Amino acid sequence: MPGTRTESNTSSSHRTASRADTAALDEIIDQLKEDHRRVKKAFREFEKMDQQDESACEALVQRTISELEIHAELEEDLFYPAIRSALSDEGLIDEAEVEHMTFHVLIDQLKKMEPSDDRYSATFTVLGEYIKHHVKEEEGEIFTGIGRARMNWRSLRDDMQQLRQQRMSEHGLAPADAAEGEGQNPSSSDAPH
Ligand SMILES: [Fe+2]
Ligand SMILES: [Fe+2]
């Protein structure tokens with residue numbers, strides 16, 4: 001039958017598209033988790049830093065703030081709206097959005113402060129604690145709750161990559177692989193090279 005072959009091809013292309021979308025969703029999640037790891041590492045580094053070295057502290061705080069703002073925008077404008085319908089409990093996204101609002105409040109406060117301000121270090125530390133809690137819930141409940149929802153994940157991945165690159169360039173941030181190279185010697189962060 002002439003129709004049999006067509007049907008088979010259609011079915012096959014559906015499977016391919018589905019696998020490609022699953023791979024795209026994996027890429028999205030991997031990239032977001034990589035952001036989480038990098039930011040959590042920055043907060044740990046801050047704890048060990050000499051607080052008297054204000055310029056070093058400020059450089060780390062500013063870079064972390066930029067990374068957080070980009071990550072938050074990607075989630076708020078693209079990722080969360082896309083996955084909301086894929087989750088059985090949409091309240092998780094509401095909760096995550098409210099938590100993001102608290103991050104923005106603390107980030108705005110930090111931007112208005114000088115590193116010499118008594119609360120500069122405390123504000124950044126509290127931000128780190130909130131982020132740690134948020135990341136735990138995001139990875140443990142939201143990322144795992146998406147399951148195998150059928151969606152155009154490739155399109156979302158491409159949109160997120162495009163916005164990420166645009167924002168990184170605006171913030172003057174190096175690509176993630178270069179940033180990772182910088183942080184490969186956590187035990188010798190005070191060494192000049
Ligand atoms: Fe996140
Ligand atoms: Fe988030």
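Guide: Let's start at Leu106, which lies in helix H3, residues 91-112. Helices here are DSSP runs of H or I with at least four residues, strands are runs of E with at least two, and both are numbered from the N terminus. Before going on, please note that this is a predicted model, in which local features need pLDDT of at least 70 and side-chain atom pairs count only at pLDDT 80 or more, while totals for chains, interfaces and linings use all residues. Residues are numbered from 1 along each chain as its sequence is written, and chains are lettered from A and ligands numbered from 1 in the order in which they are written.

Leaving aside residues up to four places away in sequence, Leu106 touches Thr123, Val126 and Leu127. Two residues are in contact when their C-beta atoms, placed from the backbone, lie within 7 Å. Thr123 is 17 residues from Leu106 along the chain, yet their C-alpha atoms are separated by 6.7 Å.

Now to helix H4, residues 118-145. Its buried residues are Phe124, Leu127, Ile131, Glu138 and Ile142. The 28 residues of H4 should span 40 Å at 1.5 Å a residue, and its end C-alpha atoms are 41 Å apart, which agrees. That expected span is 1.5 Å times one less than the number of residues. Just after H4, Gly147 takes a positive phi of about 60 degrees.

Helix H2 comes next, and Ile65 has its place there. Ile65 is buried, because 21 other C-beta atoms lie within 10 Å. Ile65 touches Ile107 and Leu110, not counting residues up to four places away in sequence. From Ile65 to Asp108 is 43 residues along the chain, and their C-alpha atoms are separated by 9.6 Å. H2 has a kink of about 45 degrees, centred on Glu75.

The largest nonpolar core has 12 residues, among them Leu25, Ile28, Ile70, Phe79 and Trp153. Such a core is a set of buried Ala, Val, Leu, Ile, Met, Phe, Trp, Tyr and Cys residues joined through C-beta atoms within 7 Å. Helices H1 (2-48), H2 (54-83) and H5 (153-171) each supply at least two residues of this core, and H2 gives the most, with six. Apart from it lies another core, of nine residues, including Val39, Ala42, Leu68 and Phe124. In soluble globular proteins, nonpolar side chains tend to be buried together.

Stepping back, the protein comes to six helices and zero strands. Of its 193 residues, 16% count as buried. As for confidence, pLDDT is the predictor's confidence in each residue, from 0 to 100. The average is 86, and 82% of the residues score at least 70. Over residues 1-17 pLDDT stays under 50, and the model has zero contacts beyond four places in sequence for them.

Key:
A residue is buried if 20 or more other C-beta atoms lie within 10 Å of its own, exposed if 12 or fewer, and partly exposed in between; C-beta atoms are placed from the backbone. The bend at a residue is the angle between axes fitted to the seven residues ending there and the seven starting there.
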